[in-house]
Each structure stands twice: as C-alpha cells, then as structure tokens.
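Subject: Structure handover

Hi,

Here is the structure I promised to pass on.

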Amino acid sequence: MAGDANGRALPDGIISILDTDLYKLTMQCAILKYLPDVPVTYAFTNRTPHMRLSRAAFDWLQEQINKLANVSLTSAELDYLRATCTYFNDTYLRFLASFRLQPSKQVRTTFTPLKDTGSQDDVGDVSLDIEGRWLDTILYEIPLLALTSEAYFKFCDRDWSYKNQEVRAYIKGCKLVKQGCIFSEFGSRRRRDYHTQDLVIRGLKRAAADSQTQGWKGKLSGTSNVHFAMKYGIPPVGTVAHEWFMGIASITNNYEHANETALRYWVGCFGEGVLGIALTDTFGTPTFLQAFKRTMPTPSNSMADDKKTLIPGAASPPLPPIDSNGSGSTSDERSYAQIFQGVRQDSGSPIEFIRMMRDFYTSEGIHEKKTIVFSDSLNVELCLEYKHAAEAAGFSPTFGVGTFLTNDFQNSSNGQKSVPLNIVIKLSSANGHAAIKISDNIGKNTGDSETVHKVKETLGYVEKQWVNGDETTRWGKSDNEATRAHVQER
C-alpha cells in the first residue's frame with residue numbers, strides 16, 4: 001500500500017466524510033434549511049462507454065460502497081469546519097456530526113457483462129442508482145465517482161505507475177504561478193485514486209511555497225476537497241453546483257424562474273458576499289443572465305414576486321439579507337449581479353463566455369471588477385489563454401483545475417496517454433419530476449430527453465455545440481493518442 005509524506009499507509013477507499021467537494025456540503029446546508037424532506041434520485045453516466053469495469057473491479061467497488069456506512073464526521077473534523085467554514089450554522093454542524101450514509105438502502109448497483117462467463121475478468125456495464133431524501137443522498141456523488149475511477153485503474157487498466165506524479169504536479173503548479181495564475185485543485189471526482197490526489201497536492205504545495213519565495217504573482221488558492229484542505233492546511237474552495245439549480249427547477253417545475261429562485265434561496269441561506277460565485281450554465285447562460293439582473297428582494301419589496309420565486313412546501317422562506325448593522329433593511333436595491341462576486345464558466349466556449357459577461361456587466365452599468373472562475377477541462381495552456389482574454393476584458397480570472405492534475409498519466413508500456421474515465425453522477429429527479437441540465441454545450445445535456453426538449457422550447461434556448469464539446473474524447477482518444485482540448489477562437 002502507498003504511503004504519505006510521513007510514511008503512513010494511505011487508505012483503501014473512502015475514510016472521511018470530508019473526502020468530498022466543499023459545494024456538496026454547502027448545498028446540503030441549504031437543503032437542511034429549506035428542503036429537508038424532498039425525495040430525489042441520481043443516475044450514473046459513463047461518457048466513455050468503451051471503458052468498462054471488470055467483474056472483479058465491480059465487486060471491489062461494491063465492497064467500498066458498503067463501507068461508506070461506517071464513515072462519519074470526527075470531532076477533529078467538526079472543530080475544523082467550525083473554525084474554517086464559518087458560513088456553516090450550528091444547526092447544520094450538529095446535523096453533520098450525526099450524519100450517516102446508508103448505502104444498503106440508498107444505492108442500487110448492477111453489473112451487466114457483455115459476455116457472462118462467470119469469470120472475474122468479464123467486462124460489462126455498471127449502473128449506479130441513488131434514491132432517498134435529497135438531504136440524505138447528496139454526499140454520494142463525489143465518493144462514488146472517485147471509487148469508480150479507482151476501481152477501473154486498480155483492476156482494468158494497470159499499465160501506469162505513480163512515478164513522478166508529485167514532480168509533474170509541482171511543475172504544472174510552478175508554470176501556473178509563474179504566469180500569475182490564481183488556481184485551485186478541483187480533481188476529486190475523477191482522480192485516479194486517493195494516493196494520486198495526495199501526491200498532487202504535495203506537489204502543488206511545493207510550487208506554492210516556491211511562489212512565495214520567488215515573489216511570483218500566482219497563487220494556489222486551495223482545493224475543493226475538504227479532507228485534503230484540512231490535511232494540508234490550505235483553504236477549502238467552492239460555492240454551488242448545477243445540482244442546486246436542477247433541484248430547484250425540478251421541485252417547483254418552473255424553469256422560467258428557477259435560476260432566480262435558486263439565487264434567492266442561496267443568498268437567504270448564506271447572506272450577501274458569502275459563497276458568492278454564481279454558476280451560470282445549468283439552463284444556458286443567456287437564460288441565467290435574465291435572472292441575474294433581477295433586483296434581489298429586500299424587506300420592503302420581498303413580497304412582490306413571492307409566487308414566482310418561493311418554493312411551495314419549503315421549510316422556511318428565504319428571508320431577505322440584512323445590512324451590516326443588522327437592522328433588517330438595505331440602503332438600496334441591488335441586483336444579484338451586483339451582489340455576487342463573479343461567475344463560473346463550466347461549459348461551451350470560454351472566449352465567447354468572456355465576451356458575453358463583459359457585454360452583460362456593461363449593459364447593467366456594473367463597472368467594478370468581477371471574477372470569472374474557469375473550471376471546464378483545463379490544462380496549463382488553456383489557463384494561460386483564458387487568463388489573458390479575461391484580463392483584457394477587465395475580469396479577475398481564477399481557475400479550478402481537476403482531471404489534468406489528478407488523472408494525468410502515461411502508459412508505462414509505450415508512453416502514450418493513459419485516458420481517464422469521463423464519468424458523472426447527476427440528479428435525475430426531485431419531488432417526482434425529472435431533473436435536467438442543458439448547459440452551454442449540447443454535449444453536456446443531462447437527463448430525460450423529452451424534458452430537455454420541452455425546457456429548451458419553454459426558455460427559447462438557442463442550441464450550441466462547441467467544437468471541443470465531445471465528452472467521449474474530452475481527456476483523450478480511445479486509441480490512446482493524447483489530445484489537447486483547445487480551439488482557436490476569434
């Protein structure tokens with residue numbers, strides 16, 4: 001078994017409830033406050049369907065899923081969250097302290113071999129279906145994806161090694177910080193395994209230390225993985241995922257106002273200026289911007305649009321944010337676009353997104369410098385390209401780099417690209433209604449196809465297909481020829 005920097009054995013599977021992305025916890029906090037009893041389902045999709053698990057890999061995966069029932073928050077982890085993530089209220093921290101996953105009741109797995117010989121080497125398709133209350137099941141996504149990837153590379157593709165992984169991460173980190181990039185590690189869900197992510201963060205920390213010594217302008221801003229943030233003393237980063245917007249739309253069955261409703265309840269839970277990066281593309285960025293420019297409710301106007309942006313059956317209303325003196329009033333009426341620090345770009349053309357956001361903020365008379373977080377299939381070259389384009393348009397760019405860091409390997413036998421799995425788990429229903437995601441690229445459409453079509457018609461969605469949007473080859477071709485996800489945009 002691999003060891004950490006101090007020679008201690010690293011775990012097999014998931015050993016910490018915090019071995020997940022921060023935004024799963026922030027969304028769970030909001031769900032506890034507003035929607036604790038909503039039933040949901042999740043579905044697994046392998047966007048690289050030719051990369052199948054063996055029976056042996058599936059059996060190991062099933063064993064690890066069962067072991068999730070034994071994982072719970074430790075007293076040290078509770079103290080860490082209380083000291084570090086001050087936006088979590090006491091009610092949520094008490095809930096999380098006693099929280100347990102129940103995979104035997106909530107997760108259904110099946111293995112369908114292409115040819116069933118009974119051998120452990122039989123390969124086939126895997127399905128992972130999750131069902132239960134949203135509050136109880138939201139934390140499955142990241143560990144199940146990480147475990148699936150680990151199972152594949154533990155049993156099905158073993159033509160790789162950990163050699164130089166820490167050094168490679170260090171070199172990548174140095175390239176980014178030397179060029180002034182502010183970036184974070186976003187690679188939990190598709191990591192090759194726990195040890196790889198551990199090595200990567202060690203390498204990135206070394207690059208960050210050199211950056212301070214050398215006076216480079218870039219910065220390692222943190223990691224989305226709360227467990228590794230705690231382990232290595234770097235900030236946990238993240239705000240919200242598509243899931244929040246998908247769930248709100250599904251629960252209300254009101255796609256015209258889903259973005260605004262989701263924003264309203266988010267600010268109602270955490271307040272102004274907290275977790276303030278908005279994700280724009282769940283139902284297409286143009287639709288989101290119509291909500292983003294709306295005036296946020298204040299105590300004097302909060303009842304004006306209740307029918308449109310209140311969730312029927314929610315445990316409590318999304319109270320308007322109070323001002324800094326706690327008076328319960330605001331000095332002026334401001335839009336969500338003014339209140340939020342910036343936006344996250346996660347699908348479609350990043351260059352077109354920069355142009356769209358520049359035009360939007362200018363048209364809204366918003367002249368303060370806003371942040372764009374880029375998080376879609378990044379590598380060093382793309383970070384540098386988008387940095388220059390965003391800065392030229394007056395933005396402060398930051399980057400969430402994932403698979404390029406935690407699943408970037410070569411085949412030991414021939415030196416060619418060892419292609420990662422491209423797998424996702426998405427909310428598939430909430431409150432009995434189908435949950436969907438459209439995004440800014442047809443390749444990332446998710447959910448019931450009939451509902452996707454109806455919602456596109458309702459919203460007047462203009463179909464987009466980005467030249468780099470083929471999800472089956474996003475991280476490499478099946479013939480192991482490495483590809484670079486890059487497009488020359490003019």
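Below is what I found in it, starting with the overall picture and then moving to particular spots.

A word on the ground rules: this is a predicted model, so local features need pLDDT of at least 70 and side-chain atom pairs count only at pLDDT 80 or more, while totals for chains, interfaces and linings use all residues. Residues are numbered from 1 along each chain as its sequence is written, and side-chain values use heavy atoms, with hydrogens and water left out.

**Overall**

The protein has 19 helices and 14 strands; these are DSSP runs (H or I of at least four residues for helices, E of at least two for strands), numbered from the N terminus. Of its 490 residues, 58% are buried, meaning under 20% relative accessible area with a 1.4 Å probe, protein chains only (exposed is over 50%, partly exposed in between). Taking contact as heavy atoms within 4.5 Å, residues 24 or more positions apart make up 79% of the contacts with a separation of 6 or more.

Helix 16 covers residues 350–363, and its 14 residues should span 20 Å at 1.5 Å a residue, which agrees with the 20 Å between its end C-alpha atoms. The expected span here is 1.5 Å times one less than the number of residues. Its buried residues are Pro350, Ile351, Phe353, Ile354, Met356, Met357, Phe360 and Tyr361. An α-helix has 3.6 residues a turn, so residues three or four places apart point the same way. The partners of the buried set are helix 13 (285–292), helix 15 (336–339), strand 8 (342–345), strand 9 (371–374) and helix 17 (380–392). Just past the end of helix 16, Gly365 has a positive phi of about 70°.

Helix 13 is itself mostly covered, with six of its eight residues buried: Thr285, Thr287, Phe288, Leu289, Ala291 and Phe292.

**Cavities**

A cavity is a set of points, on a 1 Å grid over the protein atoms alone, where a 1.4 Å probe fits but cannot get out; lining residues have an atom within 4 Å of a point. The largest one is lined by Ile14, Ser16, Ile17, Asp19, Thr20, Leu68, Val71, Leu101, Leu139 and Pro143.

Two of those lining residues, Ser16 and Asp19, turn up again around His227, which also touches Leu18 and Tyr194 once neighbours within four places in sequence are left aside. His227 sits in helix 10 (residues 226–232) and is buried at 12% relative accessible area.

Val126 is in strand 4 (residues 123–133) and is buried at 17%. Its C-alpha lies 8.6 Å from that of Phe44, 82 residues away along the chain. Beyond neighbours within four places, Val126 is in contact with Phe44, Leu53, Phe58, Thr110 and Phe111.

Ser429, in strand 13 (residues 423–430), counts as buried at 16% relative accessibility.

Cheers

Notes: On a 1 Å grid over the protein atoms alone, a cavity is a set of points where a 1.4 Å probe fits but cannot get out, and a pocket is an open set with protein on both sides within 12 Å along at least five of seven lines; lining residues have an atom within 4 Å of a point.
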